[in-house]
Every structure is written in structure tokens, then in C-alpha cells.
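Welcome! Here is a short tour for a reader meeting this structure for the first time.

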Amino acid sequence: MSDEAEPGTVRPGGRTARVRQAVLRAAEDSLAEHGFAHLDLADVARRADVGKTTVYRRWGTVAGLLADLLVDMAEQSVPRTETGSLLGDLRANARLVRRTLTDPRQGALFRALIAAATCDARTAEALHRFYDIRLKEWAPCVGQAVERGEVPPGTDAREVIRAVSAPLYHRLLVSGDPLDEATADRAAEAAATAARAGAYVVRDTGATREGA
């Protein structure tokens, strides 16, 4: 892989892959410990035991490093769970989001990345791509629910999945209320109930959008 390649566009191998993983893990450590405001490429290079010039040449800026970190996180995400029912699938999704956001390392990392995205366009774009990948991963469970007759045809799959995670992120970023498993289950149940009632049907096209 060329050092000039856009971060995340080519899957590197060999020593390049090892350097990339060391630098990304070091960036995660720095973000989890100190947040976005103190992320520094020279410090990341030191933590990763990698030459500073290598880091600057490959990633160029903090925004470039964050973009690649989000690509890596998307690649490492846990695959979708299939339980055979919409509620079961949405509950699995909600519990996965909740575990991630309450993990001492991952929760701090997500807060730092979201903070970075509010003031850096490139990081925001990478964050949007990350969540788009996750929506595409989980949206088919709604299409399967349509096929089983659990929810009406034309249900917007992406909106259902968003409805599950939105209250969990609200607690993480806005209210600070506890994020326990019961909260995750309620979010899944509310989304499933609304979907069954037709709240997410796309009235103008009648087509189910699975985002895949």
C-alpha cells in the first residue's frame, strides 16, 4: 500500500498492517484517556513505537487518522444477530449498542469521536460512513420481519434501527441517565411496537428501504 493512499481505501498487509494497527490502537488509547482536544500525531507515534515521519506521511493530519480509525472500527464491528423475530433482533441490537457505549474504553472513544465530528468535516463524514455501515448491517432484520408479516410492507428499515439506538445515545451524550440493559430493552420494544403499528411506513413510495 502506498503511503499516499487515502486512509482505509486499501486493506494493507504485512508490516504495513502491523504499523497501522499499532497506530490505531495508540490513537484509541489517547482518545479514551484524554479526548479529542489532546490528540496529537507525535504522541500517537510515541505510544505506537513508530517513527513520527511514518505517521505524518501516512495519515497527514488528526482528521486523517480519525477517519481511518472509524474505518477500522466499522470493519471490526460485531455481525448482526438473527433471532427469528423483530423484537429479538432489535433487542440484540440495542444490547450491543448499550454494551459498547458503557464499556469504559469504547464509551470514552465514541464520545471523543463524536466530539471531533462536531468540529471537523472529515471526521464527521467518516462517522456518517461508520453509522451507515451499521445501518446496512442491521436493516435486513426489518425486511425479514416484513416477509414474516410482523410489520407492514413499506416499513423504513433504517428508521426502525435508528429508533433503537437514538435514546441510548441521548443518555450517553445529553441526559447522563443510566444506560442499563432494561433501558436497552425498552428502546427495542418501543421501536418494535411503533414499527408494528406502521409508524415507519414510507407512505409516498410504499417501498421498504433496507439500505443494502
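## A polar contact at R25

The side chains of R25 and D72 are joined by a polar contact of 2.8 Å. A polar contact is a pair of N or O atoms within 3.5 Å; within protein, one must be able to donate a hydrogen and the other to accept it, and residues adjacent in sequence count only if both atoms are side-chain atoms. This is a predicted model, in which local features need pLDDT of at least 70 and side-chain atom pairs count only at pLDDT 80 or more, while totals for chains, interfaces and linings use all residues. Residues are numbered from 1 along each chain as its sequence is written, and side-chain values use heavy atoms, with hydrogens and water left out.

R25 lies in helix α1, residues 14-34; helices (H or I, at least four residues) are DSSP runs, numbered from the N terminus. Its relative accessibility is 28%, so R25 counts as partly exposed. Buried means under 20% relative accessible area and exposed over 50%, with partly exposed in between (1.4 Å probe, protein chains only). Setting aside neighbours within four places in sequence, R25 is in contact with L69, D72 and R105, where contact means heavy atoms within 4.5 Å. R25 and A48 are 23 residues apart along the chain, and their C-alpha atoms are separated by 7.7 Å.

## The whole protein

Stepping back, the protein has 10 helices and zero strands. Of its 212 residues, 44% count as buried. Among contacts with a separation of 6 or more, 70% are between residues 24 or more positions apart.

The largest nonpolar core has 60 residues, and V23, L86 and L90 have the most contacts inside it. Such a core is a set of buried Ala, Val, Leu, Ile, Met, Phe, Trp, Tyr and Cys residues joined through side-chain atoms within 4.5 Å. Not counting residues up to four places away in sequence, V23 touches V44, A48, V50, V55, W59 and L65.

T123 is part of helix α7. With 1% relative accessibility, T123 counts as buried. Beyond its neighbours within four places in sequence, its contacts are A63, L66, L70, L113, A116 and A117.

D49 sits in the loop between α2 (41-48) and α3 (52-59). At 74% relative accessibility, D49 counts as exposed. D49 is not a glycine, yet it has a positive phi of about 60°. Most residues other than glycine have a negative phi.

## Helices α8 and α9

In α8, the residues P140, C141, V142, G143 and A145 are buried, and the buried residues of α8 pack against α5, α7 and α9. After α8 comes G149, with a positive phi near 85°.

How far apart are the end C-alpha atoms of α9? They are 27 Å apart, which agrees with the 27 Å that its 19 residues (157-175) should span at 1.5 Å a residue; the expected span is 1.5 Å times one less than the number of residues. At the start of α9, a side-chain oxygen of D156 comes to within 3.2 Å of the backbone nitrogen of R158. The buried residues of α9 include V160, I161, V164 and L168, and their cover includes α5 (86-102), α6 (104-117), α7 (121-138), α8 (140-148) and α10 (181-196). G176 follows α9, and its phi is positive, near 75°.

Methods: Helices (H or I, at least four residues) and strands (E, at least two) are DSSP runs, numbered from the N terminus.
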